[in-house]
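This report describes the pockets of a predicted model and the surroundings of its ligand.

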Amino acid sequence: MRIADLGDVALHFREDGDPDGAPVVFANALGTDLRIWDEVVALLPAGLRAIRYDMRGHGLSACPPGPYSMGALVRDAERLLEFLGVTDCVFVGLSIGGMVAQGLAVKRLDQVRALVLSNSAAKIGTPAIWAERMAAIRAGGIAALADATMERWFARPYRESPDCALWRHMLTRQPVEGYLGCCAAISGTDFYTPTSGLSLPTLAIAGSADGSTPPDLVRETAALIKGSRFQLIRGAGHLPCVEKPGEYAEILTAFLKETGHV
Ligand SMILES: O=C(O)CC1=CCC(=O)O1
């Protein structure tokens, strides 16, 4: 277990693989923590430095009072990479993690060589949708939305598996303040214009059954970036790294080869 004390926030992170290897950094989705990458990281080729962290307000990272801004989340990633001495990484961000990836690439191209925008977009939902979700959580806690969240996260066969119950626990045990803080950050983010100016190797991944960031939305964001390509994982929802880790790792490995990272 490792903690980066960044002053106003302490982030929990984990490193696997070769400490001298080419860095690949993973940022998690709303309501999740770094365990969503467990199976994918285990399937990556040897020789990489795989770094994953819990976004503020999630997992074992500190949970400062919200609301959070996307600028603060991007700054967390930037400072974590500085803390670890990482430059030139492939940054893999899922959903809100993919928004952080876009913001980081706009701000610190020296830190990022290539992006993986997994189940993410330049803008996710609308302020009204996020306000409604936040009100429901304030009234009933995260558990009140757990069934609906499982429907967005996973396609039906996986939803009926015993593993799904474990991921539900992960969701409902996230700090409410951290979850709401990140909802506010997503609600206030529209990266359409800054992301349109990006030009770097980018892989956009979508799940055919994703109820949060459907394939067309992910494809639209990919189309903004010069040097991007789009890949669909069939039969997967919003967390294909959990639901289809083998396919996800294969797709990611092929991209890492294309970018010369392995
Ligand atoms: O809808 C969800 O809960 C999934 C999600 C949206 C943004 C994010 O990071 O996860």
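Three helices, α4 (127-140), α5 (146-153) and α8 (176-187), each contribute at least two residues to the lining of the second largest pocket. By class, that lining holds 9 nonpolar, 6 polar and 2 charged residues. The space in the second largest pocket amounts to about 230 Å³. It is lined by 17 residues, with L30, W130, R133, R152 and S212 closest to the centre.

The ligand is placed in this second largest pocket.

| Residue | Part with the N or O atom | Distance to a ligand oxygen atom |
|---|---|---|
| L30 | backbone | 2.9 Å |
| R152 | side chain | 2.8 Å |
| H238 | side chain | 3.3 Å |

On its own, the ligand has 280 Å² of accessible area, and the protein covers 99% of it.

The largest pocket has a volume of about 290 Å³. Its lining comprises 17 residues, and D33, R35, L166, W167 and M170 lie nearest the centre. Helix α7 (residues 162-172) supplies the largest share of this lining, 5 residues. By class, the lining of the largest pocket has 7 nonpolar, 4 polar and 6 charged residues.

Note on methods. Residues are numbered from 1 along each chain as its sequence is written. This is a predicted model: local features need pLDDT of at least 70, side-chain atom pairs count only at pLDDT 80 or more; totals for chains, interfaces and linings use all residues. Side-chain values use heavy atoms; hydrogens and water are left out. On a 1 Å grid over the protein atoms alone, a cavity is a set of points where a 1.4 Å probe fits but cannot get out, and a pocket is an open set with protein on both sides within 12 Å along at least five of seven lines; lining residues have an atom within 4 Å of a point. Grid points are joined across faces, edges and corners, and a volume is the space filled by probe spheres set on the points. Helices (H or I, at least four residues) and strands (E, at least two) are DSSP runs, numbered from the N terminus. Ala, Val, Leu, Ile, Met, Phe, Trp, Tyr, Cys and Pro count as nonpolar, Asp, Glu, Lys and Arg as charged, and the others, Gly among them, as polar. A polar contact is a pair of N or O atoms within 3.5 Å; within protein, one must be able to donate a hydrogen and the other to accept it, and residues adjacent in sequence count only if both atoms are side-chain atoms. Accessible areas come from the Shrake-Rupley method with a 1.4 Å probe; for residues, only the protein chains shown count as cover. A molecule sits in a cavity or pocket if more than half of its atoms lie within 2 Å of its grid points.
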